[in-house]
Amino acid sequence: MDGKGSGLRPSARFRPILTDLRRPVNGSLEVFPQEGYTNIPEEEGANFWLKCGCATGPERDTFRRKSTKAGRDSEQGGEMLKSKTFLKKTRAGGVMKIVREHYLRDDIGCGASGCAACGGAHEGPVLELQPLDRASSLCPQPHYLLPDTNVLLHQIDVLEDPAIRNVIVLQTVLQEVRNRSAPVYKRIRDMTNNQEKHFYTFTNEHHRETYVEQLQGENSNDRNDRAIRVAAKWYNEHLKDMSAENQLQVILITNDRKNKEKAIEEGIPAFTCEEYIKSLTANPELIDRLACLAEEGNEIESGKTIFSEHLPLSKLQQGIKSGTYLQGTFRASRENYLEATVWVHGDDEDNKEIILQGLKNLNRAIHEDIVAVELLPKHQWVAPSSVVLQDEGQNEDDIEKEEERERILKTAVNEKMLKPTGRVVGIIKRNWRPYCGMLSKSDIKESRRHLFTPADKRIPRIRIETRQASTLEGRRIIVAVDGWPRNSRYPNGHFVKNLGEVGDKETETEVLLLEHDVPHQAFSQAVLSFLPKMPWSITEKDMKNREDLRHLCVCSVDPPGCTDIDDALHCRELENGNLEVGVHIADVSHFIRPGNALDQESARRGTTVYLCEKRIDMVPELLSSNLCSLRSNVDRLAFSCIWEMTHNAEILKTRFTKSVINSKASLTYAEAQMRIDSAAMNDNITTSLRGLNKLAKILKKRRIEKGALTLSSPEVRFHMDSETHDPIDLQTKELRETNSMVEEFMLLANISVAKKIHEEFSEHALLRKHPAPPPSNYEILVKAAKSKNLEIKTDTAKALADSLDRADSPIFPYLNTLLRILATRCMMQAVYFCSGMDNDFHHYGLASPIYTHFTSPIRRYADIIVHRLLAVAIGADCTYPELTDKHKLADLCKNLNFRHKMAQYAQRASVAFHTQLFFKSKGIVSEEAYILFVRKNAIVVLIPKYGLEGTVFFEEKDKPKPRLIYDDEIPSLKIEDTVFHVFDKVKVKIMLDSSNLQHQKIRMSLVEPQIPGISVSADTSNMDINEPERKKKKLQK
Ligand SMILES: [Zn+2]
């Protein structure tokens, strides 16, 4: 971006002067630094240029073109400078003097193809000369749309419809949107990137004829409205000159009554978004995608007021300051739509959690909203209801019934169980997102208003208007919330997208990705533009600061079908008789440079997400499966960790180096195992593997002696039919010695790197810790073992590991695995953190005082940061400001922890869905199972054959209640005359319950032991899977 050939460097032209008055004048701010390293305070207005400088995509391109052009023009005196000076308080309390240089130009194109007046000013014109006739009954001639800020902000869903094309987005509007909503801003950018949409960004603020100065007494809103009208007027005149016969028009779309009136007075055709969309008679389906925004006096149906008013933000802030109200995150209950908790922000231990009960107290808050609550007086406090209540009301506002239900919640309870109880008085921040779910079609014939039931049970049902109810029934759809008026039982929303048929594999995958917030769109052009150009080869420059290790006998060992190979290993004997072991990790940070669009996107994604039959990459495929993947027989860049060890696995030396390797073999675990075991094989690769395997066993033994835990989880793997991709078999993952061999060296490399980066950067090393669980977490494990006459000690990780090792039963070999599965459930989550923000680094599960992630940079962003830190530490790469900013690093960790958690949930949901498909095709089966937990009215069992966990309920609606006695101390559950303990072996019948289309699930019933009236027969033919009443089971925890 150096404006080559244009005479002047653009940076010299558009540099604003930022002056910190506390320091000497410093005019040397680099406006066009290296990609992504900008750190300029965000200002509106003139900074648009700055933003362009570090922006990606079309803005950047536009800028490149314009800046060079401006350079040329300036030599001819073709531009005009406006400058403005003002003072601004900085966050640190200082005062900053900002001089805005604002260049006006006359070479900005209108974007319409075939415009002779603008000629070459716009390369690749965006707007079509003959915009396809959209058959608007309001404006029959061809036209472009020019929406104002609020229309873009609130009606983005309808604008995204493929039917809407040829739209002019003014710079004024884009800046306002950017300031108000980052997600909408991104969606607009995506549309301007999409050539089929013909969205054109017009830089009206820098156009000589469309720039307007703020008038005295005019606020900036009014000024911007005027700027929009001026641009619309200019366009109409400009286009008149260009196409007399075409009669092209530009139509202002605004929902602001005053603005629209003024526009019409000034001769600009203007409509509200609703008027315009409704005039498109050929596309009636677009109406569904309109957000229904409450205008004054236009609330849908007057009706009576149900909810109390939300207080304005200023009042809420006052109240929070004075302690009258508490601020917190609203968490709706999954099981009871009339109940929620608010997690109060801050450190007041007493009032951490406030319970809310009843529609009026929930007062229109939606899950994840930041709300202000008022505590109710103590005599109104309630206890959590532990009742399962689903909102199954009809399409009506039947509040009386609701109140009746609320009374059920308030059953008499022990005073000790009462919790601080409150009500929502206002919303501080909405956290709405588009929701996946299904339409519950109204019973009223011809009705356009229907209720939408989100898949996430914590989200209330949403009322939408649609004419396509019949088409949308039985489909997964996306709906966005527009608002929740005081007189409406449900929030109002609008239809956004039809994802496809319920139960369809692709549709369900899309749903689970959306619901777990997994970014999964194709990588944008801007991101892809930072990939290396193909054909790629290693250049001399790449070899700088890099060791050539291509002669080493390196190989990789992975699961079958692995295409993103992060790691490779070697082991050889040195002349001094010691062993040299190398772990070589893909050098992803060589390709992903800090701050560019590729880096930002990878950081946002945080991790690759593995679903049963799909992988959502963190980095584009060219890197993940090719250039970074350490495949055999090609030269690949690596980051190597090399140890000199004794034959007894004592580390004598550790060193790190960037390298180039040439792997000699990509093996599967089974292949590697076979080589190790085969006496006939003695080639270099095999010798190397044997050496690694021998050392790994010693390392593992030593690690376990120190107290590292070896826990179990029943991991399931599906065998997919290679043609239909249906799961045909379900198997628990088999572990070989070689799995453990690779794992051992990865752990060792991670620990070595963690030590090194922490040594070098004590304040901003990215590390990973695993906190020890609080003792109470272990209660369930200790009790369960005790009921089998075994003692589990949990004082330290070492004690736990030892007692798990001792816990063996000759007559019950699976017991040990069960104990380890249960122990896993007692653990805390491991998390990434910044070393400067925390004191406790300990990794409990690995019994290591320090740990990090270095070995999987293709699929984990944390590893990329660790690579960058390590590269700086050994002088192989340079640093950048964000890398050494501990607050930035802490923010990054927060996102990574969130993404990893979501990836895990998405993966589980994918396994659950495929398990359902499997049992759908398999029909009803009976299998052996073990009890993992006993509950008040159910047992949770594990079926080892399928690695499947499920709940067997003992209370069913419309059936006589069995005699249940639950003992929390043992724990045990007595049903009639049979007592169930944890780890008892039972036999269960498994089938798919499809009675609730939205939430299909695996259902389990008890076969053995036989309890009259409870157990079902092992005969698998005579059961009615779809018996609708069976879905309404109650789980009381
Ligand atoms: Zn033009």
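Which helix does Phe 898 lie in? I looked it up and found Phe 898 in helix α27, residues 886-922. Helices (H or I, at least four residues) and strands (E, at least two) are DSSP runs, numbered from the N terminus.

I noted that this is a predicted model, in which local features need pLDDT of at least 70 and side-chain atom pairs count only at pLDDT 80 or more, while totals for chains, interfaces and linings use all residues. Residues are numbered from 1 along each chain as its sequence is written, and side-chain values use heavy atoms, with hydrogens and water left out.

Entry: Phe 898. I checked its cover and read a relative accessible area of 29%, so Phe 898 is partly exposed. Buried means under 20% relative accessible area, exposed over 50%, and partly exposed in between (1.4 Å probe, protein chains only). Phe 898 and Gly 606 are 292 residues apart in sequence, yet 8.9 Å apart in space, C-alpha to C-alpha.

Entry: aromatic pairs. I searched the whole structure and got 11 aromatic pairs. Trp 536 and Phe 591 form a tilted pair, 5.5 Å centre to centre with 55 degrees between the planes. Rings of Phe, Tyr and Trp (its six-membered ring) pair if their centres lie within 6.5 Å; planes under 30 degrees apart count as stacked, over 60 as edge-to-face and the rest as tilted. This pair links distant parts of the chain, with Trp 536 in the loop between α16 (525-528) and β19 (547-548) and Phe 591 in helix α17 (residues 588-591), 55 residues apart. Trp 536 has a relative accessible area of 18% and is buried; Phe 591 is buried at 7%.

I then took Phe 954 and Phe 980: the ring centres are 5.9 Å apart and the planes at 25 degrees, so the pair is stacked. Phe 954 is in the loop between β34 (948-953) and β35 (964-967), and Phe 980 is in strand β37 (residues 978-981), 26 residues apart. Both Phe 954 and Phe 980 are buried. I also logged one aromatic cluster, formed by Phe 202, Trp 234 and Tyr 235.

Entry: charges over rings. I found Arg 605 over the face of Phe 523, at 3.9 Å from the ring centre, and Lys 769 over the face of Phe 833, at 5.4 Å. The criterion is NZ of Lys or CZ of Arg within 6 Å of the ring centre and within 35 degrees of the ring normal.

Entry: whole chain. I counted 27 helices and 39 strands in the protein chain. Buried residues make up 52% of the 1037 residues.
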